[in-house]
Amino acid sequence: GKEKWPRGEETVWKGAMRDVDTDVSSITKSFVNHVQTSLARQPYNLDNLGAYQASALSVRDNLLVNWNETSLQYTRKAPKRAYYLSLEFLMGRTLDNALLNLGLKDKYAEGVEKLGFSMEDILDQERDAALGNGGLGRLAACYLDSSASAELPVWGYGLRYKYGIFQQLISPEGDQLEAPDPWLDNQNPWELPRLDVAYEVRFYGQAERLHDGTPRAQWTGGQEVLAVAYDVMIPGCYTKTTNNLRLWESKPKRGFDLNSFNAGNYEGAVESSNSAAAITSVLYPNDHTTFGKELRLKQQYFWTAASLADILRRFKNIGKPITQFPDYVAIQLNDTHPTLAIVELMRILLDEEDQPWAAAWQIVTNTFFYTNHTVLPEALEKWPVPLLEHLLPRHMQIIYDINMLFLQSVEKKFPGDRDRLGRMSLIEEGFPKQVRMAFLACIGSRKVNGVAELHSDLVKTTILKDFVEFEGISKFGNVTNGITPRRWLDQCNPELSALISRTLKVDKAVWLKDLSMLEKLLPRAEDKKFRDEWAAIKQRNKERLAHHVQVTLGLTINTNAMFDVQIKRLHEYKRQTLNILGVIHRYLTLKSMSAEEKKKVNPRVVFFAGKAAPAYYIAKLTIRLIVNVAKVINADPDTKDLLSLYFLPDYSVSLAEVLIPASDISQHISTAGTEASGTSNMKFCLNGGLLLGTVDGANIEIAEEVGESNVFFFGHLTPAVEDLRYQHTYHPVPIEEKCPALAHVLNQVSAGLFGDAHVYEPLLNTIRQGDHYLLSDDFDSYIAALAMVDEAYLDRTEWVKKSIRTSAKMGKFSSDRAIMEYAESYWNVEPQHVA
Ligand code: RUG
């Protein structure tokens, strides 16, 4: 119907509303306006930080106009929307990305130059928004970029942690130290507080079933806290569509308890408000582990309850009956962290919407979609029943009810199969009993997917095998992860991006949104001039990295060497230990070479970066070993020109943006079957770095695309892993016998070649005893693969050809492809063009 203009004169409103002007003089004007009014500063003493803030506020004006129009369009048209629930969004910096997506970078650079600043310095002022641990959180960020770029009505929901992932410091002894990450201290221009968008969230209390012939219950008492919305604008690339990432902050419902205050009990008066604020104070710095901590469960419920209340309110504004909820709403669960949303929606439908059980379950199971990100048993979330009963009594009742009905239906399909019931129950027996969140997420969702072909197959044949047999295979799918080419090529490697545009003779706006166009570069691998340009850009990126390391750490790096990079969370399954042992092997080999032999060796610089979970002892020991090996190797005059090693502290999205374009070879060497996908592998290859890896995760699909002759594979395959582990346990062979080269390396470490020998014994013992991650099985083939890399690098022409071919075949790994698979095959949401 025709809308009525709400108040005042429409022509006056419309005359005053316009797009923000984007010519250079309007940009400088807007910048100076923000300096004067928003920042209340003088031009005379404006520093780079002030200039960053003024630029950000000015760019934000552009985003806000688009963001408002996008919201209005969604409200008017009421299309089906999708919501991406993720406890982590690893956004990195925003200014550069926003400028590029808006197509305004050159103009802003010109504008700030005229005002006496350099764009590069300004960009460097921004702190990373590091609300995530690693791949899972960065994937969420890439998916938001792709959703907006594809004009899809997708919002993210997460938590506004006051402190993001900790800052990593490395002590002189090589120990990781953790410091808080006060990322909001300089204010955050990219978020809009929405103090008017707030919901009450309850914890603890009592749940009483009504026993009135309905499944209803009443949940009362306990603690109530407030969830307040902060909105972050997500601009699409070359489109008006600007979506929203809504992050919740916890606040006390009342500031403090006046009664206690008046009675002189000042601490008591603020206690409850402190406990409310604590919920969103810090990101848990663990990935791939469960912790069973009450505060973490509180975070999960707080966030899912607020998000669902918000989604429901928006749905109700459309005025449709609740049974049509799944026609308007799809909710994607990023791992099991938001699984309580399934139970919370049941609670609302039963207790507040008065729906019968079957109707409620029907709505729920048509709304949710669950993505699994790991098959490692220690990473599968479980929550103790007593904790859930205490914190969320009504939800525990509902989980019991879901489980009872579910097991009844299993019993019906497989009569008398008691083992199966035990295996499939949502409740794991034990002391205490635990709720298996992956099973709950699975049965409460319409579809379940893994994140790479191999991983999705493993999900179906291992952890959810019984569920495939019960529910049918069609519920289980695969969406191979992707990365956004905007940040991971155009932004981090502007020279390569420009070369591609020149060569394809199209504007980058075109190929950045259709990454398969890179394939047209393939014939250019035969073109010497193109190869030279390609290689020169790689070289300049290596120099850029060396400069960065020089400025930040005061170290001088040999840019004539091959750059060999492994950057990711420290974890035994990712096998950084294999890499450092390989470096030691190389060092020992070099030491034993004659001067003549050394002349044939190509110099290599090895980079590591990554954080270890603060309580992960073995991972921290690996960092210590790397740092201390670096001290010895980098100081050895016999070898230092041929081999050097750096552990770069405080790995972040921004550091990755400098490291990735500079890499000649990167390592993705997890034990087969353990890395669900990996996404940095895609980023390196997109930037023309070659891949050294195991036959695992997305490495396999990368090799399928670029051809096996362009990757360096090694190691045992997934089907062999279980047998090998069995051998280790029941027929152990001493390392000396099984792998003498590895034994020699381990003995050198034990003997103290890299200092305090005894310190590393617990780390070395993980290999000598049990060797769960199969380092001793893969070491020889790893060393052979490294030698093949050396060999290949000697023929630089052929190497550059491989580099070009690799990059050219990375189209599949754009997150645009992945997000369209979710939109079309899972959520059923369609692009909404904002004119
Ligand atoms: O370990 C996986 C990566 O292989 C994957 O690429 C990434 C995104 O799907 O997710 C990582 N992950 C898995 N992060 N946390 C988990 C398990 O909680």
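**View 1. The shell around the ligand.** In this predicted model, 18 residues surround the ligand, and the closest are Gly135, Leu136, His373, Ala676 and Ser677. To be in the shell, a residue needs its C-beta atom, placed from the backbone, within 6 Å of the molecule. Sorted by type, the shell holds 5 nonpolar, 10 polar and 3 charged residues. Here Ala, Val, Leu, Ile, Met, Phe, Trp, Tyr, Cys and Pro go down as nonpolar, Asp, Glu, Lys and Arg as charged, and the others, Gly among them, as polar. Numbering starts from 1 along each chain as its sequence is written. Because the model is predicted, local features need pLDDT of at least 70 and side-chain atom pairs count only at pLDDT 80 or more, while totals for chains, interfaces and linings use all residues.

**View 2. Who supplies the shell.** Helices are DSSP runs of H or I with at least four residues, strands are E runs of at least two, and both are numbered from the N terminus. The ligand lies between domain 1 (78–93 + 128–163 + 190–480 + 821–827) and domain 2 (485–715 + 778–813), because both give residues to its shell. Those bounds come from an automatic or database domain assignment.

View 3. In β12 (residues 329–334), 6 of the 6 residues are buried, so the strand is largely enclosed by the rest of the structure. Buried means 20 or more other C-beta atoms within 10 Å of the residue's own, with C-beta atoms placed from the backbone. Val329, Ile331 and Leu333 sit on one side, with Ala330, Gln332 and Asn334 on the other. β12 pairs in the parallel sense with β1 (residues 81–85) over 5 bridges, and Tyr83 stands opposite Ile331. Strand β13 (residues 368–371) also pairs with β12 in the parallel sense, over 4 bridges, with Asn334 opposite Thr371. Pairing takes at least two DSSP bridges between the strands.

Conventions. A residue is buried if 20 or more other C-beta atoms lie within 10 Å of its own, exposed if 12 or fewer, and partly exposed in between; C-beta atoms are placed from the backbone.
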